[in-house]
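Take a look at the protein shown below.

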Amino acid sequence: MGAGGASPDDVSGLRRALGDRAVVDPELVAPYALDSSRAVPEGTPLALVLAESTADVAAALRWADAAGVRVSVRGAGTGLVGGAMAYDGGLIISLERMNRILEIDRKNRVAVVQAGVITGELDDACRELGLFFPPDPASARLCTVGGNIATNAGGLRCVSHGVTTDSVAGLEVVLADGRVMRTGARTRKNVVGYDLTSLFVGSEGTLGVVTEATVRLKPVPEGAPRTFRASFDRVEDAGRAVTAIVNGPARPEVLELMDALSVEIIESFHPSGLAVPAGAMLVGQTVGLDAAEQAGIITGICAAHGAGDTEISDSDALLEARRLSNPALNARGLKISCDVGVPVAALAEMFRGVGEISERHGKRISTVAHAGDGNLHSTVEAPDDPEGIREADAVIDDITRLAISLGGTISGEHGIGSVKRHELSWQLDGTALGVQRALKRALDPRGILTPDRAI
Ligand SMILES: Cc1cc2nc3c(=O)[nH]c(=O)nc-3n(C[C@H](O)[C@H](O)[C@H](O)COP(=O)(O)OP(=O)(O)OC[C@H]3O[C@@H](n4cnc5c(N)ncnc54)[C@H](O)[C@@H]3O)c2cc1C
């Protein structure tokens with residue numbers, strides 16, 4: 001029983017506050033209980049709130065805080081680390097109905113949106129005005145801006161435009177006890193108090209529920225973009241080429257890597273005539289009036305680093321292949337993967353190490369990478385049974401420890417959620433972890449909001 005007299009078994013208070021927006025029918029609640037990760041559900045949630053306003057979110061959290069009911073927060077459920085999975089007996093708050101673009105301020109290049117707006121739809125609306133929303137996760141047609149903010153999502157264009165946090169100017173957040181606060185400002189510069197906007201970006205639903213965001217936009221570059229491809233016999237050479245490209249005169253907007261096994265998997269999922277390289281393939285895009293010239297500089301660097309075959313095109317097909325990697329892996333039932341990052345100068349060493357780990361474990365590993373950011377998604381081929389999963393997890397652990405030994409990170413863009421929580425102490429020292437958990441306690445003393453995840 002909580003301070004407000006509500007009990008977890010008694011959702012009548014929630015129904016009184018929210019009417020039909022509080023859903024208890026298990027069949028209607030079930031689709032909101034999972035995300036896109038391999039995390040295993042811990043039980044059956046009590047109820048779902050289909051919030052239509054900030055006031056709805058506040059009412060739901062006030063009820064849960066008083067009742068001591070654990071809350072999971074959900075955008076579109078495309079998360080890959082179990083962050084939005086429902087709790088047994090818990091409350092789910094869904095932001096999917098809060099999907100309005102409230103304002104596009106062209107002169108100041110910002111937009112104000114509700115958290116549930118679909119990322120790709122915001123980008124489309126901005127493009128009609130000659131602007132675009134820089135974050136572009138491969139899931140952009142499905143995921144929400146609120147989910148991107150909560151995970152500090154990355155994507156294909158990050159090498160040029162940064163990750164989600166670089167595009168967030170301010171937030172409206174509902175705290176665990178239902179209080180509503182605003183952070184940030186519409187101005188380019190703002191040094192007033194602690195940078196709470198950045199604190200909430202990447203907090204994976206543990207510190208507050210993002211209900212509204214003011215995001216930064218950029219002008220669509222002039223001229224026709226160009227895509228490029230370079231195929232290498234050795235994946236380490238592709239890694240060296242990436243290091244040279246990001247330190248060179250050209251500015252790729254996209255710079256991605258697919259190793260031979262990934263190209264094979266993507267081609268068998270969606271044949272597009274892409275020749276499987278012996279080692280790896282770099283694909284990317286340049287923009288601006290000098291896009292063709294820049295693509296030429298990049299393919300020249302690739303050739304100098306051992307690429308046997310290069311191509312420049314005005315078609316998007318090369319990038320489309322890269323965007324299909326996640327569904328292609330899923331179609332093969334391959335879900336045990338990582339999201340590690342390394343400093344870009346360590347890429348060749350990282351690729352060599354992944355090859356050694358593959359040999360040592362006798363497991364095939366496919367790697368796609370946001371190469372320009374040093375961010376790798378390596379997936380282990382293993383049978384989908386307990387033994388196969390255990391073996392694949394051991395491979396992922398080795399890859400993760402290798403990334404950390406090279407000065408890297410456990411997660412470049414997906415976050416920690418529940419799936420990677422056991423790895424936290426590999427990267428964060430005890431003091432840093434203690435400070436993070438103190439912040440959590442300060443903002444959510446009763447521990448009801450996405451507890452035991454992310455930190
Ligand atoms: C095919 C595919 C491709 C992908 N490609 C990429 C990629 O290129 N880059 C990348 O970074 N990720 C990628 N992802 C992962 C995923 O799309 C991102 O993590 C995305 O940001 C999640 O958004 P969502 O709306 O689906 O959030 P959800 O999955 O619903 O939630 C994710 C996390 O954010 C929290 N959350 C959601 N909304 C809010 C809110 N309003 N307030 C507070 N917390 C909230 C949840 O509690 C959870 O912890 C991909 C996933 C798939 C399935």
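This is a predicted model: local features need pLDDT of at least 70, side-chain atom pairs count only at pLDDT 80 or more; totals for chains, interfaces and linings use all residues.

In which sense do E13 and E16 pair, and over how many bridges? The pairing of E13 with E16 is antiparallel, and two bridges join them.

Now look at the side chains of E13. Val254, Glu256 and Met258 point one way. Leu255, Leu257 and Asp259 point the other way. All are buried.

Move on to strand E16, residues 365–370. E16 pairs with E17 in the antiparallel sense over six bridges. Valine 368 turns up again here, opposite histidine 377 in E17.

Is strand E17, residues 375–380, enclosed or open? Six of its six residues are buried, so E17 is largely enclosed by the rest of the structure. Asn375, His377 and Thr379 point to one side of E17. Leu376, Ser378 and Val380 point to the other.

Helix H13, residues 347–361, holds isoleucine 357. Why does isoleucine 357 count as buried? The cut-off is 20 or more other C-beta atoms within 10 Å. Isoleucine 357 has 21 such atoms within 10 Å, so it is buried. Setting aside residues up to four places away in sequence, isoleucine 357 touches Val395, Asp398, Ile399 and Leu402. Threonine 367 is 10 residues from isoleucine 357 along the chain, and their C-alpha atoms are 13 Å apart.

Next comes an open sheet. Four strands form it, in the order E1-E2-E4-E3, and the pairing is mixed. Strand E1 (22–23) and E3 are at the edges, each with a single partner strand, so one side of each has no neighbour in the sheet. E3 pairs with strand E4, residues 91–94, in the parallel sense over four bridges. In that pairing, valine 71 has leucine 91 of E4 as its bridge partner.

The largest nonpolar core has 63 residues. Val49, Ala60, Leu91, Ile93 and Val215 touch the most other members. Which helix gives this core its largest share? Helix H3, residues 54–67, supplies nine residues. The core draws at least three residues from each of domain 1 (12–94) and domain 2 (101–219). Apart from it lies another core, of 62 residues, among them Leu156, Ala250, Leu255 and Ile301.

Neighbours within four places in sequence are left aside here. Its partners are Val49, Ala51, Val57, Ala60, Val71, Val73, Arg74 and Val209.

Step back to the whole chain. The domain assignment gives domain 1 (12–94), domain 2 (101–219) and domain 3 (226–405). The C-alpha centres of domain 2 and domain 3 are 28 Å apart. Where these two touch, domain 2 gives seven residues and domain 3 gives 13 residues. On the domain 2 side, the contact has four nonpolar, two polar and one charged residues.

Finally, find the ligand. Which of the 38 residues around the ligand come nearest? They are Gly75, Gly83, Gly146, Gly147 and Gly205. Two or more shell residues come from each of strand E3 (71–74), helix H5 (145–151), strand E10 (209–216) and helix H12 (325–331). H5 gives the largest share, five residues. By class, the shell has 14 nonpolar, 20 polar and four charged residues. Domain 1 and domain 2 each give the shell at least three residues.

Technical notes:
Residues are numbered from 1 along each chain as its sequence is written. A residue is near a molecule or strand if its C-beta atom, placed from the backbone, lies within 6 Å of it. Ala, Val, Leu, Ile, Met, Phe, Trp, Tyr, Cys and Pro count as nonpolar, Asp, Glu, Lys and Arg as charged, and the others, Gly among them, as polar. Domain bounds come from an automatic or database domain assignment. A nonpolar core is a set of buried Ala, Val, Leu, Ile, Met, Phe, Trp, Tyr and Cys residues joined through C-beta atoms within 7 Å. A residue is buried if 20 or more other C-beta atoms lie within 10 Å of its own, exposed if 12 or fewer, and partly exposed in between; C-beta atoms are placed from the backbone. Two strands pair if DSSP finds at least two bridges between them.
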